[in-house]
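Trainee: Could you walk me through how to read a few features of a protein model? I'd like the general idea, then the case at hand.

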Amino acid sequence: MAAEISLASGALAEMRMQARGLFLLLVFILLAVFSEAGKNKKDKVKKNGSDCEEWRWGPCIPNSKDCGVGFREGTCQEETKKLKCKIPCNWKKEFGADCKYKFENWGGCDPATGLKARSGTLKKALYNAECQETIQVTKPCSPKTKSKSKARKGKGKD
């Protein structure tokens with residue numbers, strides 16, 4: 001009986017080792033498959049991409065009107081590419097959609113012109129856009145003057 005038990009426990013231990021070996025083999029196979037899939041993805045990007053490093057991009061030209069989805073054309077040596085782009089409909093035409101600025105607070109209202117102004121400094125130029133370092137923008141003063149204290153309705157009246 002003791003011989004049968006030791007034989008069974010030996011067989012059980014051998015089966016556990018085989019299961020561990022099979023599990024490790026499966027893990028290595030999965031790692032190899034996923035690493036090859038990653039390599040193929042990188043290769044595909046290289047095939048569709050370009051070796052050229054100095055692309056010159058034109059402005060985003062919307063498909064209709066002056067904002068919305070459109071295309072931007074880029075050239076590098078003899079290669080040409082088109083990228084999908086979008087111009088927000090609230091963009092400022094004076095400085096373009098590819099120039100990003102950090103603006104100061106709005107100044108006071110100039111009573112002579114009826115405008116208030118603020119300036120902005122260039123934060124980022126997208127797609128090699130030619131942008132001004134600082135810009136000045138204006139907008140009409142609001143016609144209503146906001147009062148700082150408002151009387152409460154229905155309170156304090158006898």
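Mentor: Gladly! Let's begin with sheets: two strands pair if DSSP finds at least two bridges between them. Strands of a sheet pair through backbone hydrogen bonds, either parallel or antiparallel. Keep in mind that this model is predicted.

Trainee: In what order do the strands of the open sheet of three strands run?

Mentor: The order is S5-S6-S7, with antiparallel pairing. Strands S5 (99-103) and S7 (134-140) are at the edges with a single partner strand each, so one side of each has no neighbour in the sheet. From one strand to the next, the twist averages 45°.

Trainee: How many bridges join S5 to S6?

Mentor: Five bridges join S5 to S6 (residues 115-125). To find your place on screen, look for Lys-100, which stands opposite Lys-124 in S6.

Trainee: Now salt bridges. Which side chains meet in one?

Mentor: Here the cut-off matters: a side-chain nitrogen of Lys or Arg must lie within 4 Å of a carboxyl oxygen of Asp or Glu. The count by this rule is one salt bridge. Arg-72 and Asp-98 form it, at 2.7 Å from N to O. Arg-72 belongs to strand S3 (residues 68-76) and Asp-98 to the loop between strand S4 (79-87) and S5, so the pair ties together parts 26 residues apart in sequence.

Trainee: What is the volume of the second largest pocket, and what classes of residue line it?

Mentor: Its volume is about 160 Å³.

Terms used: Residues are numbered from 1 along each chain as its sequence is written. This is a predicted model: local features need pLDDT of at least 70, side-chain atom pairs count only at pLDDT 80 or more; totals for chains, interfaces and linings use all residues. Side-chain values use heavy atoms; hydrogens and water are left out. On a 1 Å grid over the protein atoms alone, a cavity is a set of points where a 1.4 Å probe fits but cannot get out, and a pocket is an open set with protein on both sides within 12 Å along at least five of seven lines; lining residues have an atom within 4 Å of a point. Grid points are joined across faces, edges and corners, and a volume is the space filled by probe spheres set on the points. Helices (H or I, at least four residues) and strands (E, at least two) are DSSP runs, numbered from the N terminus. Axes are lines fitted to C-alpha atoms, for helices over the stretch in contact, and angles run from 0 to 180 degrees between N-to-C directions.
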